[in-house]
Amino acid sequence: MFHLPNDQNALKHLLPYHGPSIVGALSSDVPEYVLNAVKQVRRYMCADEIKDKTERVLELNIFPRLTELLETSNMNIQYEICWVITNIAAGTSAHTTAVVDAGLVPILIKLLSANGDQVRVQAAWALGNVAGDCKAYTQILLDSGIMTPLLKIVDFESLSSRKLMQARHVVCWVIANLCRWEANDWTQIEPCFELLRNTALYCQDSDVLSEAIWALSRIFLSKHAGNSVLITHILMKKLVNLMETNRLSVQTPVLRVMTNVSGEQNHSHTQILIDAGIIPAIFNILNSRFEYNAQIIAEVLHCLSNITAGTTEQKEEVRLAKLFPLVRNSLQFGDVKVKKEAVHVLRNAVDRDATPEQFRDIVGHEGELFSPLTKFLADSATDPETQHAIVETLNIIFSRGNEPLIRILYPFAQSDVNVYVTAMHHVDRNNFQNIWQTYSRISNCEEELAPLLYQCVVADQEVKSRADLGSKNLQKQVVDHVVGVMKPGMTAAEIVKSERAKRAVLRDLRGMFEMYLSAERSQVVAHDNDVDFMSAGLIKMGVDVSD
């Protein structure tokens, strides 16, 4: 008879030294010998400190014998073999492929209906590892009819309450893996909806609840029409209530459900979340942001960005909850991922259909948004996607700045001045410099930067015209500021000598920026040559730039 080692050190040397003995024992007709050998392999596979253990087991070429034993042996042997297969399938994709190619999937599915409780659950565990490897294997499992016997595992009357909870945990985990990729035939997934819904509603065990909610999050990600049966007020209300749980293993998938449901671009589904209380829950989390890790805050903001992409009425719910100041705080104090999500909240919120009050609360009563937003623009030199979102946001904000209904909301507004242009400079004169620095660093400018830069130049003109500078000095101040940003220390007087030249610069300023942008697209102009390039553009316009 083949004996188990009595200590861990002996187990480390099981393979390849005792490989022939294991194969011989597995081939025996004596159940005790077979069980002893399978246990030995299982213990070897469970030893974390042994390297290349899976390869060594596969080298024994015992799958044909294990397949035979699964169909003919007693429950103890079946259980141990399922455990070995579970560990093999948990390895690399090549290891999982070996399990599938050995023809073990149909047999494992059959064992989901075995008499032994442990066999059923362990077979499900092995199949869950297969499902988690790739979409192709998930589809094989679904096509092989895994769902019906899998769901029946939790219906066996022989299960004690403890075993029932363990079985439900494994079943929900397997379903979550089956839902990792979208099924070719959605009707193959739908049978699990009732189990997942009931588990989410009534289960108190964190591990089981977590797996069920992860499965729901992946189902909602698929955006299949059949998902609507799950998006009910009672289920969403329960999940919204879990958003603020201190159990991270539950909170994380709950927030993913919120993001995926609100991200379907189905406003009725978003409204169900709002009616279930998601906006106060988001407020509480963002208002206590230091109590949560950055990943949680980023996920909450992602969800909020989906809501602000909804209807005007849904944006108004966000505004009335005073969430926009918290979003600005996230933009100012959060890490990079949090700031990116905050930008998307703002970009979706400043839709051209947004109300004047919504714009006021987004930008702030005194333009508080501009400093953190333009600073993040300058800090995002290697992230064109984020820059694009920021530029779009600023452009839309500026485009609404001349509307009378928006002007009246700002005490400092002038009757003929873009209120948001004024606000951007009113808060911090470095805002324009942040935008210019971004522009000067980009070699392949986004087309949206050109109108933005021009608006900033016009902004400078408008603000200074309100500062009682006088019409005679207006063009000098505008050019002085623009040139000073491009080349610190230079003044307009060093470039332009006459009032006529100043007027020409002001008139053709937009054309000059377009020329500069064109050069930036083809090749970044070296910093030392910036002024020379400007001078060339001005000379072409007929402006005397000589000393």
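**Helix packing and aromatic contacts**

In this predicted model, helix 19 (residues 294-308) and helix 22 (residues 336-349) pack against each other at an angle of about 10°, and their axes are 8 Å apart. Because angles under 35 degrees count as roughly parallel, helix 19 is described as roughly parallel to helix 22. From helix 19, the residues that take part in this contact are Ala294, Gln295, Ile297, Ala298, Leu301, His302, Leu304, Ser305 and Thr308, and they meet Lys337, Val338, Glu341, Ala342, His344, Val345, Asn348 and Ala349 of helix 22. When the residues of the contact of helix 19 with helix 22 are sorted by class, nine are nonpolar, six are polar and two are charged.

A further packed pair is formed by helix 14 (residues 206-221) and helix 16 (residues 248-262), for which the angle is about 20° and the axes lie 8 Å apart. This angle makes helix 14 roughly parallel to helix 16, and the crossing of the two helices is left-handed. On the side of helix 14, the contact involves Ser206, Leu209, Ser210, Ile213, Trp214, Leu216, Ser217, Phe220 and Leu221, while helix 16 contributes Ser249, Val250, Thr252, Pro253, Val254, Arg256, Val257, Asn260 and Val261. The contact of helix 14 with helix 16 comprises 11 nonpolar residues, six polar residues and one charged residue.

Packing is also found between helix 6 (residues 75-89) and helix 9 (residues 117-131), whose axes come within 8 Å and cross at roughly 15°. With this angle, helix 6 is roughly parallel to helix 9, and helix 6 passes helix 9 in a left-handed crossing. Helix 6 makes the contact through Met75, Gln78, Tyr79, Cys82, Trp83, Ile85, Thr86 and Ala89, and helix 9 makes it through Gln118, Val119, Gln122, Ala123, Trp125, Ala126, Asn129 and Val130. By class, the residues of the contact of helix 6 with helix 9 divide into 11 nonpolar and five polar, with no charged residue.

Aromatic side chains were examined as well. Tryptophan 83, which is among the residues of helix 6 that contact helix 9, also takes part in an interaction with a charge, in that the charged end of arginine 42 sits over the ring of tryptophan 83, 4.3 Å from the centre of that ring.

Terms used: Residues are numbered from 1 along each chain as its sequence is written. This is a predicted model: local features need pLDDT of at least 70, side-chain atom pairs count only at pLDDT 80 or more; totals for chains, interfaces and linings use all residues. Side-chain values use heavy atoms; hydrogens and water are left out. Axes are lines fitted to C-alpha atoms, for helices over the stretch in contact, and angles run from 0 to 180 degrees between N-to-C directions. Helices (H or I, at least four residues) and strands (E, at least two) are DSSP runs, numbered from the N terminus. Angles under 35 degrees count as roughly parallel, over 145 as roughly antiparallel, 65 to 115 as roughly perpendicular and the rest as oblique. A crossing is left-handed if the near helix is turned anticlockwise from the far one by less than a right angle, and right-handed if clockwise. Contact means heavy atoms within 4.5 Å. Ala, Val, Leu, Ile, Met, Phe, Trp, Tyr, Cys and Pro count as nonpolar, Asp, Glu, Lys and Arg as charged, and the others, Gly among them, as polar. A charge sits over a ring if NZ of Lys or CZ of Arg is within 6 Å of the ring centre and within 35 degrees of the ring normal.
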